[in-house]
Amino acid sequence: MLAHFLTRLFWSALTLLATAVLVFFLVNAVPGDVARVIAGPKASPAVLQQIRKRYHLNDPVIVRLGYYLLQLAHGDLGHSFVTDQPVAQALLTRLPVTAALSAMAVVLWMLIAMPLGVLTAKYAGSWIDRGALVAATLSLSLPAFWLARMLQYSLAYKLGWFPVAGFHGFVSLLLPGITLALLFIGYYSRLIHTNMVEVLDSPFVRAARAKGASEAAVLFKHALPNALIPVVTILGMDVASLLGGVLFTENVFALPGIGKLAVQSVFNLDVPMIMGTVLLSATAVVTINLVVDLLYRWIDPRIKQAC
Amino acid sequence: MAETIAAPVSNPVSERSPPAGRKQVDSALLNNRLVQVGAGIILILTLLAIAAPTLTRIGVLHEPIHQDTNGLDADGMPRPPSAHYLLGTDNLGRDVLSRVVYGARVSLTIGTAAMLTATLIGVTVGLVAGFYGGKLDLGLMRFTDMNLSLPAILLAIAFAGLMDGKVVHLHPAWLHWSFLDIRLQRGMVSVFLIIGFVCWPGMVRVIRGQVLSIRERDFVQAARALGASDARLISRHILPNVLPTVIVLAAMNTANTIMLEAGLGYLGIGVPPPAPTWGGMIADGQPYFIAAPLIVIAPGLAIVITVLAFNLLGQGLQEALDPKHHP
């Protein structure tokens, strides 16, 4: 168990390092004079020269990568080219919004997807099931930015049920959370459906029925927990695509989160900030997958023998 | 390692024997309602996209990039729907309907080209990783995981900056795409390459999993014992057996690539204006949303319908090719 954990930890760290290197090359190959971005269009050549020196912009990319990794090793993510704010600080002030939004979305869509998946599995093949399948496919096919705009217009602007945009505490996260949940309910309800159909066919469910357990108990107490086990893994792997949805939602609803920061810094050519947001999301994905992997062994002891 | 399922695409090969006859599969395909609806919508969209220039020539559709002098009202605001402009005009006085129709050309071309790129990479990596196993497998899968741990849109944004204006000279001379009669803008090739490079990792795990199980089956072992080369084993024995899965994944992947193209267009880093892209139309129309909601609603619906069609097709193909899970 410990050996397994250490191996996983090692690979996670290596993945992050490789991600840092890959993204560093991508970001630093972007055309555009970084020194000019920092100093503004009217800066004198002397100032530009000074800035190039300070940020090692005259050195070859490989040397700059070395500087950057050295800096990372000290736990320093650098300073924004535009605001000179420390990147770590900028990320930390925006992380709570993004984390709260993502968590709310996950809870919301699981709360709806679970009963939906169970119901459609019980009545598999019926018109309820087929209808739910089409609805689920529709939810998969909605562009995040468009759905966000539509809900913002109809539910917030027209009906006034929610704040239209900006961040004024928890209320402001409700509609963005609903938007994100709507995008993922479809996929997860089908995932739970598929697993439930399989589980409902297994001997222990027949045994539970034979001993006279009520249908609700069979579905929700015996079958559902088993059907949810693989879903946990998928949830972990979906963090990246959830963050992609968060990026659009935050921008439409003008929420001060990581996604808005990421888009902003791309347009500002703010290299340290881009690197910071990418590394943060990669860290989130890797950490959550590590936790899921450990959780998984705890939920389902049968897996211990494998690997 | 807890390597269970990577995606809810199940394995149509390993557990089913004997394989369903070709006729059976064909009729299952044709009778599947989801396949019918999905393929039908895609067919209509494709015909519309191909016919668009002709429709313009015979005067049914407006020019998509023509800024009509009558296209804006006295206050310089977009015109509402009328007999002349069925869906109204946009903020530059261009016909919204014709931009939506021409947008299908951009979307479908990039979506398909990106899907082919992603499938080529994904299937190759999956085949090699699953077939050879060992250190190569480990390395390839770690690389795949690394790519999976970054949000596709974020990676695409980084790529979009990198490729701006450079990549056009890289593509081989025989790959002209001009037969599609779309003016090949600088952005077109780079956008589909970006999306292709971002969308492949999702396919790898599923393909690899299937290759792992097919590799051990008797007919492959027999061919190996008879002295078949690796290349022959992969191309003649393994590839045909993963092909159904590849087709399902490709259909679903097209939905992703089209969605990503719209997302890049929305962020302003897709195919550059004045080319009509659905994502770009939504972004440009946002400030006018309250006055002229159709500028935003129409291209959005176009995205939903197109992506939905590919998702339905993928879903239906999966059911038809894998009856085990869907009695």
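Two residues are in contact here if their C-beta atoms, placed from the backbone, lie within 7 Å. Keep that in mind as you explore this predicted model, in which local features need pLDDT of at least 70, side-chain atom pairs count only at pLDDT 80 or more, and totals for chains, interfaces and linings use all residues. Residues are numbered from 1 along each chain as its sequence is written, while chains are lettered from A and ligands numbered from 1 in the order in which they are written.

**Stop 1: chain A as a whole**

You will find 13 helices and 0 strands; helices (H or I, at least four residues) and strands (E, at least two) are DSSP runs, numbered from the N terminus. The C-alpha atoms of the chain fill a box of roughly 85 × 55 × 30 Å along the principal axes. Of its 307 residues, 39% are buried. A residue is buried if 20 or more other C-beta atoms lie within 10 Å of its own, exposed if 12 or fewer, and partly exposed in between, with C-beta atoms placed from the backbone. Among contacts in chain A between residues at least 6 apart in sequence, 71% join residues at least 24 apart.

**Stop 2: a helix pair**

Next, select α12 and α13 of chain A. Their axes come within 9 Å and cross at roughly 145 degrees; these axes are lines fitted to C-alpha atoms over the stretch in contact, with angles from 0 to 180 degrees between N-to-C directions. To see where the helices meet, show I258(A), L261(A), A262(A), S265(A) and V266(A) in α12(A), then M273(A), I274(A), T277(A) and L280(A) in α13(A). This contact has 7 nonpolar, 2 polar and no charged residues. Ala, Val, Leu, Ile, Met, Phe, Trp, Tyr, Cys and Pro count as nonpolar, Asp, Glu, Lys and Arg as charged, and the others, Gly among them, as polar.

**Stop 3: two loop residues**

Most residues other than glycine have a negative phi. Now zoom in on D84(A), which has a positive phi of about 65 degrees although it is not a glycine. D84(A) lies in the loop between α4 (61-73) and α5 (87-122), and it is exposed, with 8 other C-beta atoms within 10 Å. Then move to A254(A), where phi is also positive, near 50 degrees. A254(A) sits in the loop between α11 (239-252) and α12 (258-268), and is partly exposed, with 15 other C-beta atoms within 10 Å.

**Stop 4: where chain A meets chain B**

Bring chain B into view: 46 residues of chain A are in contact with 41 residues of chain B. Several helices of chain A each supply at least two residues to its side, including α1 (2-28), α8 (171-200) and α13 (271-299). By class, that side of chain A has 33 nonpolar, 10 polar and 3 charged residues.

**Stop 5: the largest nonpolar core**

A nonpolar core is a set of buried Ala, Val, Leu, Ile, Met, Phe, Trp, Tyr and Cys residues joined through C-beta atoms within 7 Å. The largest one has 169 residues, and M196(A), A156(B), I195(B), V198(B) and L260(B) touch the most other members. Its largest share, 17 residues, comes from helix α9 (residues 230-267) of chain B. Finish on L260(B), whose contacts, leaving out residues up to four places away in sequence, are A152(B), I153(B), A156(B), I195(B), V198(B) and C199(B).
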